[in-house]
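Please open the model in your viewer and keep the selection tool at hand. The tour below moves from one selection to the next and says what is there.

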Amino acid sequence: MGLDKINDIILYIPTAAGLLVFAWVFVKSLRGRLTMSALKKLVLFFAIFMGAIIITKIFLQYEIYKNDPFGKLFIPPYNTINWFVFSMWKKFVAQYLFALVAGVLMYIAALFTDTRFKRELFVEQDPYILILAAIAIGWPNFVLFLVLAAILTVAQSAIASAMKKNFTGHRVIITNALLISALLILIFGNAAGQYVKIWMLTI
């Protein structure tokens, strides 16, 4: 199997892995068996997994350049190592780190919200689900995830309030909205992003 073919296959691995992870989390959450210990380990494992995928992509890109007459011009001795490092940073690493930072910021925001307001919006698992979503979905699709999660939360609140005929003081748990949003963005995010020009947020 050629390097280009292997590279094409690896492009789909993060999405496939993300779908499996969030499907597992969703099922566990519905059954009430989603423990904090398991969720924390899953976040750490997936972060390391994505890091390994990025390293593999960089290695494959180097090998593709090395074995291509024109590609050789992009690596030493025909070009500087600094240029190669910068190009790999921009192409593979920056988006992952930016998504991770965005996830951590949302984690902090979730904790602050629960501390600031007496009525909880986030349950204990939600901040970690936000980080997991950032890692799995990546930047800039993570922005679409947040928007969709907000829309689903509002819709969920409106439906629950209408059913109870009480539109004030109703508490809404957004865990399912987060999980459903993550699954939908992993499947349809790239296609939807083309219509809303989400690529403009690309680093």
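Begin by selecting helix 4 and helix 6 (residues 175-195), which pack at an angle of about 5° with their axes 10 Å apart; axes here are lines fitted to C-alpha atoms, for helices over the stretch in contact, and angles run from 0 to 180 degrees between N-to-C directions. The two helices are therefore roughly parallel to each other, a term that covers angles under 35 degrees, while those over 145 count as roughly antiparallel. Helices are DSSP runs of H or I with at least four residues, strands are runs of E with at least two, and both are numbered from the N terminus.

This is a predicted model, in which local features need pLDDT of at least 70 and side-chain atom pairs count only at pLDDT 80 or more, whereas totals for chains, interfaces and linings use all residues. Residues are numbered from 1 along each chain as its sequence is written, and side-chain values use heavy atoms, with hydrogens and water left out.

Next, show the side chains between these two helices: Asp126, Ile129, Leu130, Ala136 and Ile137 in helix 4 meet Thr175, Leu178, Leu179, Ala182, Ile185 and Leu186 in helix 6, where contact means heavy atoms within 4.5 Å. By class, this contact has nine nonpolar, one polar and one charged residues, with Ala, Val, Leu, Ile, Met, Phe, Trp, Tyr, Cys and Pro counted as nonpolar, Asp, Glu, Lys and Arg as charged, and the others, Gly among them, as polar.

Now select leucine 121, which is found in the loop between helix 3 and helix 4. Leucine 121 is partly exposed, with a relative accessible area of 32%; buried means under 20%, exposed over 50% and partly exposed in between, with a 1.4 Å probe and protein chains only. Not counting residues up to four places away in sequence, leucine 121 touches Asp114, Asp126, Val172, Ile173 and Ile174. Leucine 121 and valine 172 are 51 residues apart in sequence, yet 6.5 Å apart from C-alpha to C-alpha.

Finally, display the whole protein chain, whose secondary structure comes to six helices and zero strands, and in which buried residues make up 40% of the 203 residues.

Notes. Angles under 35 degrees count as roughly parallel, over 145 as roughly antiparallel, 65 to 115 as roughly perpendicular and the rest as oblique.
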